[in-house]
Amino acid sequence: MALRTAFRGRAALSGLLSCSSHGRLSLSFISQRKNSTSPKIKVDYDQTTGVAVMRMQSPPVNSLSLDFLTEVCISLEKLEMDKGCRGIIITSNQPKVFSAGLDILEMYGKSPEHCGEFWKAVQEMWLKLYGSNMVTIAAINGSSPAGGCLMSLTCDYRIMADNPRYSIGLNETQLGIVAPFWFKDTMVNTVGHRNTEMALELGLLYKPAEALKIGLVDQLVPEDQVLTAATQTMTKWLAIPEHARQITKSMMRKPTIEKLRSNREADIQNFVNFITKESIQKSLRMYMEMLKQKKA
Ligand SMILES: CCC/C=C/C(=O)SCCNC(=O)CCNC(=O)[C@H](O)C(C)(C)COP(=O)([O-])OP(=O)([O-])OC[C@H]1O[C@@H](n2cnc3c(N)ncnc32)[C@H](O)[C@@H]1OP(=O)([O-])[O-]
């Protein structure tokens, strides 16, 4: 049902934007976003090892659209229901990009209702991933800004391709928007308060070596070895007594998860009020134009 709604929303995209009061966004930008119905997530599950590799394959940059998020959640639910599945490796099938973060077109020129539905799906993905009992490893084989970084931060371990052309971080302030408290909390839990304060205020994107230095990623490997290294790490994590590891993970993450769970509606309302402001819409438009110019 949610998936159908997402596809309907996508089909209506160009109409919505052309009617928008914010709408100086060029039609060429919109026309290049195809309404693809091909799967955005490919899951390869090996029953003998109990490990699933979840490959993001939503061209061009694996941006987290409503339909993408819905597919992620459905895939996770299916894997969670399979008692034999013990670990998930998340990686990208797109060249050079792990994920470009939240799909900006889901937040630009959209109705408050749509923004609310979108934000609920972002929350849902985070709750499922951060709260998963399984061992989760991010095999980061490309750039991973904002929501892409968040997705990797939900994992137990992050391995990144040692390629200085790639970067990772929560760069929301660079777009004129603010990372919500649970993005911030996830980052604090990983790199500590001071690193998070600097990273978030300045919207820093880190090269792999810098990311390793502050603990934003756990390991760097040559680009062609990211998945192999993730598989090797998974074997080590799965050798730990499962029950003890799961309880420990839950103990570490529960307070952060509960904070969002008990404030979900207020958080959605905050997001909708914020993102639909004229000034924020203007920032998003300018950022998208900047992305376009960078490409030209
Ligand atoms: C409170 C809210 C919290 C928010 C959290 C977020 O995650 S906010 C998100 C913050 N995210 C960011 O700040 C990341 C912004 N993106 C980037 O920095 C780069 O795209 C890249 C480094 C990921 C890949 O570089 P690259 O040279 O390989 O690729 P390229 O740059 O040539 O892009 C190819 C096409 O994809 C398009 N597009 C790209 N991203 C998005 C997006 N998020 N959405 C939609 N579309 C996006 C881009 O316009 C272009 O479209 P065209 O012209 O083909 O129609």
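Mentor: Helices here are DSSP runs of H or I with at least four residues, numbered from the N terminus. The model is a predicted one. Helix H13, residues 278–295, gives the most to the shell around the ligand, with 3 residues.

Trainee: How many residues surround the ligand, and which are the closest?
Mentor: The ligand is surrounded by 27 residues, and the closest are Ala100, Gly101, Leu102, Ala146 and Gly147. A residue is near a molecule if its C-beta atom, placed from the backbone, lies within 6 Å of it. By class, this shell holds 16 nonpolar, 6 polar and 5 charged residues.

Trainee: Where is Ala146, and what stands out about its phi?
Mentor: Ala146 is found in the loop between strand E5 (144–145) and helix H6 (147–153). Its phi is near 45°, a positive value in a residue other than glycine.

Trainee: Why does Ala146 count as buried?
Mentor: The cut-off for buried is 20 or more other C-beta atoms within 10 Å. Ala146 has 26 C-beta neighbours inside 10 Å, so Ala146 counts as buried.

Trainee: What about Asn62: buried or exposed?
Mentor: Asn62 has 27 C-beta neighbours inside 10 Å and therefore counts as buried. Asn62 lies in the loop between E2 and H4, and its phi is positive, about 55°, although Asn62 is not a glycine.

Trainee: Which peptide bond is cis, and what is its omega?
Mentor: The bond joining Pro59 and Pro60 is cis, with omega about 0°. Pro60 is in the loop between strand E2 (51–56) and H4.

Trainee: Why is Glu80 called partly exposed?
Mentor: Exposed requires 12 or fewer such atoms and buried 20 or more, with partly exposed in between. Glu80 has 15 other C-beta atoms within 10 Å, so Glu80 is partly exposed. Glu80 sits in helix H4 (residues 66–81). From Glu80 to Gly142 the separation is 62 residues in sequence and 27 Å in space, C-alpha to C-alpha.

Trainee: What makes Thr190 buried?
Mentor: Thr190 has 20 other C-beta atoms within 10 Å, and so Thr190 is buried. The cut-off reads 20 or more. Thr190 is in helix H7. Leaving aside neighbours within four places in sequence, Thr190 is in contact with Leu153, Gly215 and Leu216. Thr190 and Met234 are 44 residues apart in sequence and 19 Å apart, C-alpha to C-alpha.

Trainee: At what angle do H7 and H8 pack, and how far apart are their axes?
Mentor: Helix H7 (residues 181–191) packs with helix H8 (residues 193–202) at about 135°, with axes 7 Å apart. That angle makes H7 oblique to H8. Angles over 145 degrees would count as roughly antiparallel, and 65 to 115 as roughly perpendicular. H7 passes H8 in a right-handed crossing.

Trainee: Which residues meet between H7 and H8?
Mentor: From H7 come Lys184, Met187, Val188 and Val191; they meet His193, Asn195, Thr196, Ala199 and Leu200 in H8. The residues of this contact divide into 5 nonpolar, 3 polar and 1 charged.

Trainee: How many helices and strands does the protein chain have?
Mentor: The protein chain has 13 helices and 8 strands. Of its 296 residues, 40% are buried.

Conventions. Residues numbered from 1 in each chain as written. Predicted model: local features only at pLDDT ≥ 70, side-chain atom pairs only at ≥ 80, totals over all residues. Helix = DSSP H or I, 4+ residues; strand = E, 2+ residues; numbered from the N terminus. Nonpolar A, V, L, I, M, F, W, Y, C, P; charged D, E, K, R; others polar. Axes fitted to C-alpha atoms, helices over the stretch in contact; angles between N-to-C directions. Parallel < 35°, antiparallel > 145°, perpendicular 65-115°, else oblique. Left-handed = near helix turned anticlockwise from the far one by under 90°. Contact = placed C-beta atoms within 7 Å.
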